[in-house]
Amino acid sequence: MEKQQTRMTKKGSYQRKLKRATHLLFYKRHRRPGVKGWELRKRLGSDYPKVLGLFDAYLEKLDLQVKTVFEGEKPADKPTLEQLDRARFFITLRGGLTPKETKLSGWRIDDVAGLAIAIAYIISKKGQAPRDEVEDLLRDKLPGWRVDINLDRSIRAGYLTQDENRQLYLDWRTRAEIDEKALVDLLLAVEPEKKQQQA
């Protein structure tokens, strides 16, 4: 009887923590969406990674996920609590969008293509590239007058960031929403197909 009561108390405690995690992660409280790990620890307790694991399993049914974005490089091994405390957690789509759904996002297809090219180029340059180089690359794919608009929009939306020396970097939204490896693999797979079609 005592064991059963302990189990029920624990279950109730996790249900309350799940509800709190939902409120913290779904509602934007700062300029950027998402919540830092230390904030989750403060509100949910030191077992917040377990609560997020339960929440993530629940979100899977809705094609959503809890995405962890680490400061700097993603740890090669299981992250420590300290690394998780410094990371930011977001709710993002688990799967991809269909072309029809992408149109509903308010982005033109050529803007999405331009963003994909810019991100892939910056990745290929180890995380930073001069804006002038990215602009030259985009001019081959987009009308010249759209290049600046495209890059400025990507910066405003949080996908890219630019420093005072006009160097472009990937920003928080790319790290939260885009599977960088899958994007590069997809672009690399397109090239041989193009060559085969041209042969």
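Student: What is the strand order in the open sheet?
Tutor: β1-β3-β2, 3 strands with antiparallel pairing. Strands are DSSP E runs of at least two residues, helices H or I runs of at least four, numbered from the N terminus. Two strands pair if DSSP finds at least two bridges between them.

Student: And which are the edge strands?
Tutor: β1 (35–36) and β2 (64–69), each pairing on one side only.

Student: Before I go on, what kind of model is it?
Tutor: A predicted model: local features need pLDDT of at least 70, side-chain atom pairs count only at pLDDT 80 or more, and totals for chains, interfaces and linings use all residues. Residues are numbered from 1 along each chain as its sequence is written, and side-chain values use heavy atoms, with hydrogens and water left out.

Student: OK. How many bridges join β2 and β3?
Tutor: 6, with β3 covering residues 88–93. Within β3, Phe-90 is the bridge partner of Lys-67.

Student: Why is β2 largely enclosed?
Tutor: Because 5 of its 6 residues are buried, meaning under 20% relative accessible area with a 1.4 Å probe, protein chains only.

Student: Switching to helices. At what angle do α6 and α8 pack?
Tutor: About 75°, with axes 10 Å apart; α6 is residues 109–124 and α8 is 144–156. Axes are lines fitted to C-alpha atoms over the stretch in contact, and angles run from 0 to 180 degrees between N-to-C directions. So α6 is roughly perpendicular to α8 (65 to 115 degrees).

Student: Which residues meet there?
Tutor: Among them, Asp-110 and Asp-111 in α6, and Arg-146 and Arg-153 in α8. Contact means heavy atoms within 4.5 Å.

Notes:
Parallel < 35°, antiparallel > 145°, perpendicular 65-115°, else oblique. Buried < 20%, exposed > 50% of the residue type's maximum accessible area, 1.4 Å probe, protein only.
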